[in-house]
Amino acid sequence: MEYLGNLDIMVTKFNALVLAAALSAIAGSASALTITSAEGDCASDASLSGCSASAARRDLGNVELASAGNGSFYSLGVGQSASFYFDRQVTGSLSVSEVTFGRAGYYEETALVYGGVVTDGGYDFSALLGSLSNKSDDGFASLAFSGRYDALRFVDTTEVPAGMPANADGFDIDSIEVAAVPLPASALMLIAGLGGLGMVRRRKA
Ligand SMILES: [Ca+2]
Ligand SMILES: [Ca+2]
């Protein structure tokens with residue numbers, strides 16, 4: 001039965017391919033950050049002061065993780081806030097696309113950004129990361145920050161000038177771009193090691 005040896009090599013190669021596919025799937029999921037949940041003052045209670053009159057602008061589902069917006073957005077509401085929770089920790093920099101960039105004569109809309117970390121009592125949003133304005137020239141409101149956070153909170157600080165329409169609804173978030181903290185090399189090595197162990201065991205059996 002001279003083919004048995006070849007079969008054994010084939011099975012080993014197959015296992016290696018399965019392992020490689022599994023590792024690449026893990027690496028892929030590690031880089032794909034997702035928003036697990038979001039909450040916003042105006043999304044919860046549209047009657048709050050400064051919230052948009054438009055239901056579409058109070059839909060948190062309009063905010064996606066992307067480097068460029070798609071035109072649908074969530075309006076924070078003047079003086080109100082919204083928080084976004086991620087499946088992995090994130091780190092800087094942060095870039096937010098707004099819809100009112102480059103509008104001549106349009107008043108400034110601003111927001112503070114806080115980083116949230118999981119604690120025993122829930123989320124601690126005491127870390128102020130910086131501020132955003134819709135008056136930046138590059139089409140994005142960006143800020144650099146270090147540290148690792150499980151969530152981001154945006155608190156509107158827009159000061160609406162006198163004489164502006166009464167429908168002011170604060171800083172608008174179309175999309176968010178932020179980096180996921182990469183899996184530590186030790187975790188990837190552990191996964192690879194466990195996979196290798198499984199192959200050895202299967203061959204011995
Ligand atoms: Ca607005
Ligand atoms: Ca959007």
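This is a predicted model: local features need pLDDT of at least 70, side-chain atom pairs count only at pLDDT 80 or more; totals for chains, interfaces and linings use all residues.
Local features require pLDDT of at least 70 and side-chain atom pairs count only at pLDDT 80 or more, while totals for chains, interfaces and linings use all residues. Residues are numbered from 1 along each chain as its sequence is written.

The protein chain contains three helices and ten strands, where helices (H or I, at least four residues) and strands (E, at least two) are DSSP runs numbered from the N terminus. Along the sequence their pattern is α-β-α-β-β-β-β-β-β-β-β-β-α. Of the 205 residues, 25% are buried; a buried residue has 20 or more other C-beta atoms within 10 Å of its own, with C-beta atoms placed from the backbone.

The largest nonpolar core has 24 residues, of which Ala 111, Val 113, Phe 154 and Ile 173 touch the most other members. Such a core is a set of buried Ala, Val, Leu, Ile, Met, Phe, Trp, Tyr and Cys residues joined through C-beta atoms within 7 Å.

Asp 169 lies in the loop between β8 and β9 (172–173). Asp 169 counts as buried because it has 23 C-beta neighbours inside 10 Å. Leaving out residues up to four places away in sequence, the contacts of Asp 169 include Gly 50, Cys 51 and Arg 57, a contact being a pair of C-beta atoms, placed from the backbone, within 7 Å. The C-alpha atoms of Asp 169 and Arg 58 are 9.7 Å apart, although 111 residues separate the two along the chain.

Terms used. Chains are lettered from A and ligands numbered from 1 in the order in which they are written. A residue is buried if 20 or more other C-beta atoms lie within 10 Å of its own, exposed if 12 or fewer, and partly exposed in between; C-beta atoms are placed from the backbone. Two residues are in contact if their C-beta atoms, placed from the backbone, lie within 7 Å.
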